[in-house]
Amino acid sequence: MPVLPELAAVLAAASARTRPEPPGGGPVLREAARGYWDRRGLHGTVAGIAAAAGAQPLLLALIGAHGGDVLMPRPCPAAWMPQARLLGHPAYHVPTPAECGGIPDPYALLETVRRVRAEGGRPKLLLLSVVDDPTATVALPELVREACEAAVDEGLHIISDETWRDTVHRPRDTVLLSPAEMCPDDVTVLADLSGALLPAAWPVAVARFPDTARAAVRHARTLDILTALGALVAGPVAHAAAHALGEPGSVRDRIQRAAALNTEVAAAAHRAVLGSGALARPPEAGCHLYADLGPLRSRLADLGVTDSMELEEYLTGRLGAPAPGGHRFGDELGALRVRLGTGPLLGATPQQRAESLAAAKPLELAHVARALDDFAAVFADLR
């Protein structure tokens, strides 16, 4: 999306700030994050907030601060498994329920925990995302409750990645339950602000810790690791991030417009994928969808595509845009799954993307219609 002019002006006004924020963020940024979560029903104190220059170093610090083995759903964000491995922490995938991605099936979670313990492991941490990347689904509240109860009963701490919560396509029709609302003492919430509030080139992520003595210790460990990594938020970027977290009218309007645009474009892309005979859950958030081309295996084999690595190469070439295969998200290599971003369908230039964002009927814009036709043609060829 084009940079919101108001945020660009805030960043420019702070350009003389030559020093980075202190480890974990300065008081203004942390207070803005506290207020952001307070408006979503997650109450806490400024002392329980930590910020870093991007989600990856912040998650790395959180995993390092907790220790033990890490569990995560399959599929999951591409960076999760590599970060656990980088720290030398054993990591295990847990299947998701049929209804959605992002959270583990509670029975599969219990089975995995007990198996890991029987093998001498120490499962301590569960990563999940109620509004999920890569599947673009929103987990049902009852499934969130069951998964969280199973995790807490087994002594796991939960890190809930809620980066995409403000990108839900139909917020009035979607009930979004944060694990921190259910288990306030056992959940740390993580949000990458580039998901909805900031451009990707302005890296800022924030974490909200529980209000407990144990969490205070983990907060301190997290700051130590962020200091060692040098993952400090740039001063001008922190100023813009604090402004965005305050959610003035222009920021709220941009979030709503972007969600409405992605709702229509993702739905059109979903129809094109289903029309080829492939499978995909209806996208409910974000700017992507996760497709399973297993039903097209015979046709793909004729084209020399037999696994997700070859599928990634094939679709990236045909679509002219990255189409990462499911193996990057923890799925089995033999499964023909792929994450399809809808961003390239919005326009090839900043001007076209701005037109898409402002349009009342974006699917009728010439550049969007043409991009969707080209997208659909790629999948039509696979019938």
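Two rings of Phe, Tyr or Trp count as a pair if their centres lie within 6.5 Å. I kept that cut-off at hand while looking through this predicted model.

**Entry: aromatic pairs**

I looked up the aromatic pairs and found three in the structure. I noted two of them, tyrosine 36 with tryptophan 37 and phenylalanine 375 with phenylalanine 379.

For tyrosine 36 and tryptophan 37, the ring centres are 5.9 Å apart and the planes stand at 70°. Planes over 60 degrees apart count as edge-to-face, so this pair is edge-to-face. I checked burial as well: tyrosine 36 and tryptophan 37 are both buried.

I then looked at what else meets the ring of tyrosine 36. The charged end of arginine 40 sits over that ring, 3.7 Å from its centre.

For phenylalanine 375 and phenylalanine 379, I read a centre distance of 5.0 Å and a plane angle of 45°, so the pair is tilted. These residues belong to helix H14 (residues 366-380) and are four residues apart, which means about one helical turn separates them. Phenylalanine 375 is buried at 5% relative accessible area, and phenylalanine 379 is buried at 0%.

**Entry: glutamate 21**

I located glutamate 21 in the loop between helix H1 (5-13) and helix H2 (27-38). Is glutamate 21 buried or exposed? Its relative accessibility is 8%, and buried means under 20%, so glutamate 21 counts as buried.

I also looked up its partners. The side chain of glutamate 21 makes a polar contact of 3.0 Å with the side chain of arginine 17. Setting aside neighbours within four places in sequence, I listed the contacts of glutamate 21 as Gly26, Leu29, Leu232, Val233, Gly235 and Ala238.

Notes:
Residues are numbered from 1 along each chain as its sequence is written. This is a predicted model: local features need pLDDT of at least 70, side-chain atom pairs count only at pLDDT 80 or more; totals for chains, interfaces and linings use all residues. Side-chain values use heavy atoms; hydrogens and water are left out. Helices (H or I, at least four residues) and strands (E, at least two) are DSSP runs, numbered from the N terminus. Buried means under 20% relative accessible area, exposed over 50%, partly exposed in between (1.4 Å probe, protein chains only). A polar contact is a pair of N or O atoms within 3.5 Å; within protein, one must be able to donate a hydrogen and the other to accept it, and residues adjacent in sequence count only if both atoms are side-chain atoms. Contact means heavy atoms within 4.5 Å. Rings of Phe, Tyr and Trp (its six-membered ring) pair if their centres lie within 6.5 Å; planes under 30 degrees apart count as stacked, over 60 as edge-to-face and the rest as tilted. A charge sits over a ring if NZ of Lys or CZ of Arg is within 6 Å of the ring centre and within 35 degrees of the ring normal.
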